[in-house]
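Please examine the sequence and the structure shown below.

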Amino acid sequence: MGGSRDTGTTMTLSKVTNSDSLLVPGKAAGTIVLGSNAADVIKALGKPDAGDAAMGKSVSTWFANHDSGSYASSIFSSRDMGNSDIAVIKQIRVTAPGFKTAGGVGTQSSLEEIRSNFKVQDEKGYILKQEEVHVYADTSGIAFEVDGKGTCIGIVIYPSGSLHPDTYARFIPDMGR
């Protein structure tokens, strides 16, 4: 992401060495770091293409080339209402194939590849375009959205521990439910 709207879709499927697109479980997706000020990320990336906010929580989404049918990068942030004006990034979701873990796992990876790199547990999934999507989470702070063909279509970075379903649900597209 690195301040640019290009979400890294031209990268090869080899291991990632570029920190702008490195997925670090429990820590970061590229230059976006969990726990950082959401306003700083929005300032760096520009106005989000989509978003939703209520009760001190918000999701901001940027689409590749501003095309809502394209790859997306989203941040979920929340502020401690009454105690702080700073919205802190709690989760990051990416769908672009350019984002990879140090071991080369990213969207377009198979469930088999994911399982060979992470100890994932099947979590609550969702329906996308009338197809069930499973979510597999690792306690290190990374979750993988996997379609019916066994291919990863999205990745969420969250604080290590367990994926909080209420927080994660804010990212899920309201399609076909």
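Strands β10 and β11 form a hairpin with 3 residues between them, and Gly141 in the turn has a positive phi of about 110°. This is a predicted model, in which local features need pLDDT of at least 70 and side-chain atom pairs count only at pLDDT 80 or more, while totals for chains, interfaces and linings use all residues. Residues are numbered from 1 along each chain as its sequence is written, and side-chain values use heavy atoms, with hydrogens and water left out. Helices (H or I, at least four residues) and strands (E, at least two) are DSSP runs, numbered from the N terminus.

The strands β10 and β11 (residues 142-146) run antiparallel and are joined by 5 bridges; two strands pair if DSSP finds at least two bridges between them. Within this pairing, Tyr136 stands opposite Phe144 in β11. Strand β10 (residues 131-138) also pairs with β9 (residues 121-128), in the antiparallel sense, over 6 bridges. Here Glu123 has Val135 in β10 as its bridge partner. The strands β9 and β10 form a hairpin too, with 2 residues between them, and Lys129 in its turn has a positive phi of about 50°.

Attention now passes to helix α1. At its start, a side-chain oxygen of Asn37 reaches to within 2.8 Å of the backbone nitrogen of Ala39. Ala38, Val41 and Leu45 are buried in α1 (buried means under 20% relative accessible area, exposed over 50%, partly exposed in between, with a 1.4 Å probe and protein chains only). Seen down the axis of α1, these buried residues fall within an arc of 60°, so they line one face of the helix; the arc is that of the directions from the helix axis to the C-beta atoms. An α-helix has 3.6 residues a turn, so residues three or four places apart point the same way. The face of α1 turned away from the buried side carries the exposed residues Asp40 and Lys43.

Leu45 lies in α1, which spans residues 38-45, and has a relative accessible area of 8%. Leu45 and Trp62 are 17 residues apart in sequence, yet 8.2 Å apart in space, C-alpha to C-alpha. After α1 comes Gly46, whose phi is positive, near 95°.

As a whole, the protein has 3 helices and 12 strands. Of its 177 residues, 44% count as buried. Among contacts (heavy atoms within 4.5 Å) between residues at least 6 apart in sequence, 48% join residues at least 24 apart.

Terms used:
A polar contact is a pair of N or O atoms within 3.5 Å; within protein, one must be able to donate a hydrogen and the other to accept it, and residues adjacent in sequence count only if both atoms are side-chain atoms.
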